[in-house]
Amino acid sequence: MDNKSNKTMSEKKIQNTIKPIFSKNYSAIAMSSSEEYLPYLCVCLQSLIDNADKKHNYDIIIFSSCENEEKKNIVTSKYSKKNISVRFYNPKRHFENIKLYISAYYFNEACYYRIITPEAMPDYKKVVFTDIDLIFNSDIQELYNLDIAQYAFASCIEEIWEKYIDESISVQNVDIAEYSKTTLKLTDLKKYFNTGVAIINIEEFNKQNYCPKLKEIITKNNFLFQEQCALNVLLNSKTKVLPSEWNIEISKNYPEIYNKYNLKDMKIIHWLGPEKPWKYPDRPYAKLWWKYAKKTPYFNHLKKYKKTFFKRLMLILNT
């Protein structure tokens with residue numbers, strides 16, 4: 001009885017991991033999304049596909065606990081093509097009995113899903129994992145092909161974090177410099193990674209048993225930036241620094257960060273914080289986001305945000 005039960009559990013675990021769709025010439029990409037964020041996921045996917053190479057294969061996994069099959073089918077049917085596979089994977093079982101702390105209203109549990117990617121995708125060598133509040137302005141294949149063989153993780157330095165340190169900024173009444181030193185225990189306070197765009201070396205990650213270690217870290221801490229802080233705690237000194245053009249940060253308070261780049265040099269454009277382009281269409285490069293939004297199945301839904309914004313803007317201007 002016990003042996004049969006153990007075998008069943010083992011088989012279930014194997015069945016619940018993700019297998020590569022393509023045998024060669026492919027890039028593996030993963031993202032996470034709640035049901036609420038599926039329209040924005042579509043914009044992100046649209047930009048990825050519009051910049052993709054038709055001669056290359058793209059294996060795209062969406063980590064989501066969404067149970068609405070109709071909505072998921074809208075995504076997969078729209079974006080799956082001969083050389084592009086789009087699949088959903090529910091990662092909830094990886095977080096059984098783990099409380100996931102939500103630090104801000106514009107975050108959710110889906111943000112945590114990236115930390116179990118190597119558990120869910122053990123048959124892959126590596127994967128590019130990105131947020132979905134961004135658009136691709138180049139072929140993601142180029143990012144996937146970067147060599148990170150000596151590292152478990154690769155991402156860009158958080159340029160806004162450097163500004164916080166220099167200007168003694170506090171977030172949620174927490175001094176960032178002190179937080180970096182005492183909570184995150186960073187040896188270089190300005191070397192903090194934004195994990196919204198990352199390459200994960202799955203083989204090395206699993207070899208070092210990092211997934212269980214990250215789960216332990218998030219259960220013991222309520223971080224300001226959730227899993228991003230956890231990744232910085234565990235892997236800061238083990239992370240390869242990616243060129244900053246792979247994660248151009250858009251923030252209204254720090255235009256100097258993105259103004260130093262020409263659009264053609266921006267490989268990924270990422271809107272940080274709560275002011276997203278679907279809610280604030282006047283933000284820098286939001287027009288580019290809306291260009292892709294027009295091509296998605298959710299455009300009529302998204303237009304409501306735009307109309308609401310301009311109505312609110314006219315009320316402000318007329319008072």
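**Stop one: the pockets**

Start at the second largest pocket, which has a volume of about 190 Å³. You are looking at a predicted model, where local features need pLDDT of at least 70, side-chain atom pairs count only at pLDDT 80 or more, and totals for chains, interfaces and linings use all residues. Residue numbers run from 1 along each chain as its sequence is written, and side-chain values use heavy atoms, with hydrogens and water left out.

A pocket here is an open set of points on a 1 Å grid over the protein atoms alone, where a 1.4 Å probe fits, with protein on both sides within 12 Å along at least five of seven lines; lining residues have an atom within 4 Å of a point. The volume is the space filled by probe spheres set on the points, which are joined across faces, edges and corners.

Select Glu36, Tyr37, Tyr40, Tyr105, Tyr106, Phe107, Asn108, Pro274, Lys276, Trp278, Lys279 and Tyr305 to see the lining of this second largest pocket. It has eight nonpolar, one polar and three charged residues (Ala, Val, Leu, Ile, Met, Phe, Trp, Tyr, Cys and Pro count as nonpolar, Asp, Glu, Lys and Arg as charged, the others, Gly among them, as polar).

Next, select Tyr106, Phe107, Leu272, Gly273 and Lys276: of the 42 residues lining the largest pocket, these lie nearest its centre. The volume of the largest pocket is about 950 Å³. Its lining takes at least two residues from each of α6 (159-166), β9 (193-201), α10 (226-235) and β12 (268-271). Helices (H or I, at least four residues) and strands (E, at least two) are DSSP runs, numbered from the N terminus.

**Stop two: α2 and α3**

Now pick Glu35 and Lys71, a salt bridge with its closest N and O atoms 3.1 Å apart. Glu35 sits in the loop between β1 (26-32) and α2 (38-50), and Lys71 is in α3 (residues 69-79), 36 residues apart. The rule is a side-chain nitrogen of Lys or Arg within 4 Å of a carboxyl oxygen of Asp or Glu, and it gives a count of 19 salt bridges.

Keep α2 and α3 on screen: their axes come within 11 Å and cross at roughly 10° (axes are lines fitted to C-alpha atoms, for helices over the stretch in contact, and angles run from 0 to 180 degrees between N-to-C directions). The two helices, α2 and α3, are therefore roughly parallel (angles under 35 degrees). In α2, select Leu38, Leu41, Cys42, Leu45, Gln46 and Ile49, which meet Lys71, Val75, Lys78 and Tyr79 in α3 (contact means heavy atoms within 4.5 Å).

Definitions and conventions. Angles under 35 degrees count as roughly parallel, over 145 as roughly antiparallel, 65 to 115 as roughly perpendicular and the rest as oblique.
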